[in-house]
Structure formats: structure tokens, C-alpha cells
Amino acid sequence: MQKTQELDFLESQIEGIFLLQKQEAIKLRKGSAFLRIALLKRLLDWINKNQEDIRKAVHADYRKPYPEIDVTEIFPVLIEINHAIKHLEHWMKPKKVGTPLIFLGTKAYIQYEPKGVSLILAPWNYAFNLAVGPLVSAIAAGCPAIVKPSEMTPHTSALLRRMMAEIFDTHTVAVIEGGVEVSQILLSKPFDHIFFTGSPGVGKIVMKAAAEHLTSVTLELGGKSPVLILDDADLKDTADKITATKFLNCGQTCIAPDYILIPERLKDAFVEEMKKSIEKMYGSNKNGIEGSKDYSRIVNESHFKRIQHILSDANLKGAKIEFGGNSNGQENYIEPTILSHVTWEMKVLQEEIFGPILPVVTYDNLDGAILMVNQQPKPLAFYVFSKNDEKINAIFNETSSGAALANDCAVHFLHRELPFGGVNNSGIGKSHGHFGFLAFSNEKAVLKQRVGSAAVNPLFPPFTLVKKKLVKGILKWL
């Protein structure tokens, strides 16, 4: 009964904020670049002054190392804000278009207007970055927004609530905390745009709710991002880059390498290089990797058990642990783990792992490896390691993915001149930089016709013999 009353009260609160933002959206639609930049600068100033508080909040949620917080949570957001401030005036300018012969005498352009009140549903794995990053795009586009952070990272969620309250009025930006019930209340509202980051399964729920109001969506999802290693790859360089990105945030990264495809003859040498890389990055402490200050933890017990189940399933079905496999349930610690002898019947190759387990699959020929990639849902990212640029280009042309990287993993997330996002099962729509601005903008077609005689007037009814000949002439000319 009490919970029902609390939800009713919260729904009333959300409705009030939503209506206030509806009114504010009309004002912001007429706002200048100067106004939006001022809001972005206030956000930038708060982050710069409160970096230590951000670090403490994120670390409290799952022991993420401070330098990793700087690199993966604070740094990308600062890049996003500074990039938007620098380019916003240019982005907002109407874009002139060409004039076809039939429209001689007209003026036409594309006007970028805010979509309106937006909902940002943020995930737990990068709880600060993936809540504030999309908000930067919303503000740049002139959209008021409600931000719903994850209930799985309570310290970061509380910091986001405090942060937004200190920077913005609720009719511009508001933070609503809570679990699934709160998300359901929010999704019942007729938002103008929804930006969701999370799993494909929940993404379908969000898209279904959005369809009720024909709300546009940006879905940043995940999936299984493969790494294809060719026979000419530098195995040490490859292993170092995979280790750094796979075990970052304890493997809880949507664009982390999910599984390896490698020629059979290179498998053992690659595994040895991976072992060296892991020990070099995380195993220098006398207590081993578990004692490393540079290695995160799984976010909670539920996800710890899920990953343990994936590992147990692989073991039962014949996988071999080449490295790692140790865990500590009291700390939600899972050691970086490399598996070989894996098969497609195992959960480790069927489900997105989202943890520090790396299965290694061998192949006999390159065509067979490409076929394996193409038989899976389209990934958020696809990584190829080779010195042969011709082969890399051919592979990228034969496969489909949200992003394609050669000789590195995940770094494209920081490139603000590139769109970030998936395709089909791994996402809908793009974000970051100008692409994030466009996600929250309506590209409105504007045409201004002259008064009186115009080029299209001869096509008006009645369709006399002369006009019929004119139409036929135009069709032939086209």
C-alpha cells in the first residue's frame, strides 16, 4: 500500500516536471546559440570543480580505479562539452540546399529545431559518462531533459541528482531516481525523444513504449563485438590492446572485445601474449590481480552470479581455462579469464558476456571466419588486427557493424568527428558530437516560394493539351 502511494506521488511529480519542460521546450526552441553555450559552460564548470566528488561516487559503486574514472567517465564528457561549445553556432546555422530547375525562384534550406522534451535512460556500467554525454547533446540541440540514472549505481545516481539541481532548474534538466517502476512511469509519457543506453532486450521494451506515442528513439545497445586476428598480425601489440580494452571496467563495456577469432596455428602464441599482458597490467601487486588497485569489480551480486553461470556452462561443455577463472563472491571479483576449446553451443558465445571472460575461437580459413561473424547479429563494433590494408578493407566491406576498427579496440568512442552507435540489434541512431546534436534535432525542410508566377504554375489544372505535352516533355527530360 505504502509503495503504491509512493509511486502515485512520484508519478504526480514526474507529470508536473514533464509539463513544465513542455512549456520550457517552446522557449528553448527560440533560444540562441549563446543561451545553449551558457548552459554547457555551467555544466563544464561544475564538473571541473567537482572531479573529486565524481571519482568518490563512481568508486563507491564498484571500486573503479580513480585513473580509470578520469579516462572513461570524466574525460569523454569534457571532450563532448568542449566540442559542442566550439561547434554549436555552426551546427545551428540553417543549411542551404541546391535549387532544381523546376524550383527556380525559390529559396530552400534545412533548419535544425529541437525535438523537444527528451528522456535519457542511462546505464550502470559508465554511470556518469553515459548519463551526462547524451545530456550535452540534448542541451546543444535545445531540448529540456529528464535523466533517469541506474538504480544499480546509487552513489553516482545521487551525485547526478545533486549535480543537476545545482546547475539547472527542473524545467530545463531534472533527475529522477528509481527502479523499473519509475522507468515504466517515465516511458508512459509522450516524450519527443528518448535516448536509451543498455541491452538489446531492454531496448526492445523502450522502443515498444516509444511506439505508443510515435516518439523517436536513439538506442545505444550492445551485443557481441568480435575480434578477427589475421595471420600477419603483431601478436604482442594485439594482445596489449585487447587486454587494455577487454578488462577495462572488469569487462563491463558495451564495445569491449567479446570473443576472438584467430588462426589455429597462432592460438597458443596469442594466449601466451595475453597472459603476459594481463600480468603486466594487473598482476604486479604481491597479492596478484585481486589486490591490484587498477582492476574494477562486477557491479553487484546478481551480475556476478550471471557471469559465473556463463563460465560454469562453458566448463561443463568442455571449454579449457587458459588463464584465470578465480573469483571472490564477497567482493564481486572475477579474475581476467581466457577460454579456449569453446563452441557455439556455449552461453559464452551465445550471450553478451559483459564481464572479464574472453573466449578464443580458432578458424581454418578467412572466409570461414567472416562467415562466423556474418551469422551473428550485427555487432556494435568489429575489430580486425592485420598489417594488410587491402585485406582489412575487404573484410570491412563484407561485414556490417556499428563501427569497424583496424589494429585497435574501443578508442573510436573518444573520436568526436565519428558517429557512435550500432546497427539493428546493436543500436538505432548515432551519438557524439554533431551526430548527437542531430539525434535531438528535427531537420526541418523550409521552402520559400515567390508571390505570383512561379516555375510550377504551368502544371496546375486544368490539364489542357498543351499542359499534357509539357508534362510528357518534362518526363522525357528527367
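Before the first stop, a word on helices: they are DSSP runs (H or I) of at least four residues, numbered from the N terminus. Keep in mind too that you're looking at a predicted model.

Start with W477, which sits in helix α16, residues 465–477. Its relative accessibility is 58%, so W477 counts as exposed.

Next, head inside. Select I229, I242, F270 and V348, the residues with the most contacts inside the largest nonpolar core, which has 70 residues. Zoom in on I229: leaving aside neighbours within four places in sequence, its contacts include L235, I242, I260, F270, Y363 and F385. Apart from that core lies another, of 48 residues; V58, W91, L135 and A138 are among them.

Now for charges. There are 26 salt bridges in the structure. Pick K189 and E15, whose side chains meet in one of 2.7 Å, N to O. K189 is in the loop between α7 (180–187) and β6 (193–197) while E15 belongs to helix α1 (residues 2–29), so the pair ties together parts 174 residues apart in sequence. K189 counts as buried at 10% relative accessibility, and E15 as partly exposed at 30%.

Last stop: select K267, D268, K320 and E322, which are linked in a network of salt bridges. In the K267–D268 bridge the closest N and O atoms are 3.1 Å apart; for E322 and K320 that distance is 4.0 Å. K267 is buried, at 9% relative accessible area, whereas D268 is exposed, at 51%.

Definitions and conventions: Residues are numbered from 1 along each chain as its sequence is written. This is a predicted model: local features need pLDDT of at least 70, side-chain atom pairs count only at pLDDT 80 or more; totals for chains, interfaces and linings use all residues. Side-chain values use heavy atoms; hydrogens and water are left out. A nonpolar core is a set of buried Ala, Val, Leu, Ile, Met, Phe, Trp, Tyr and Cys residues joined through side-chain atoms within 4.5 Å. Buried means under 20% relative accessible area, exposed over 50%, partly exposed in between (1.4 Å probe, protein chains only). Contact means heavy atoms within 4.5 Å. Helices (H or I, at least four residues) and strands (E, at least two) are DSSP runs, numbered from the N terminus.
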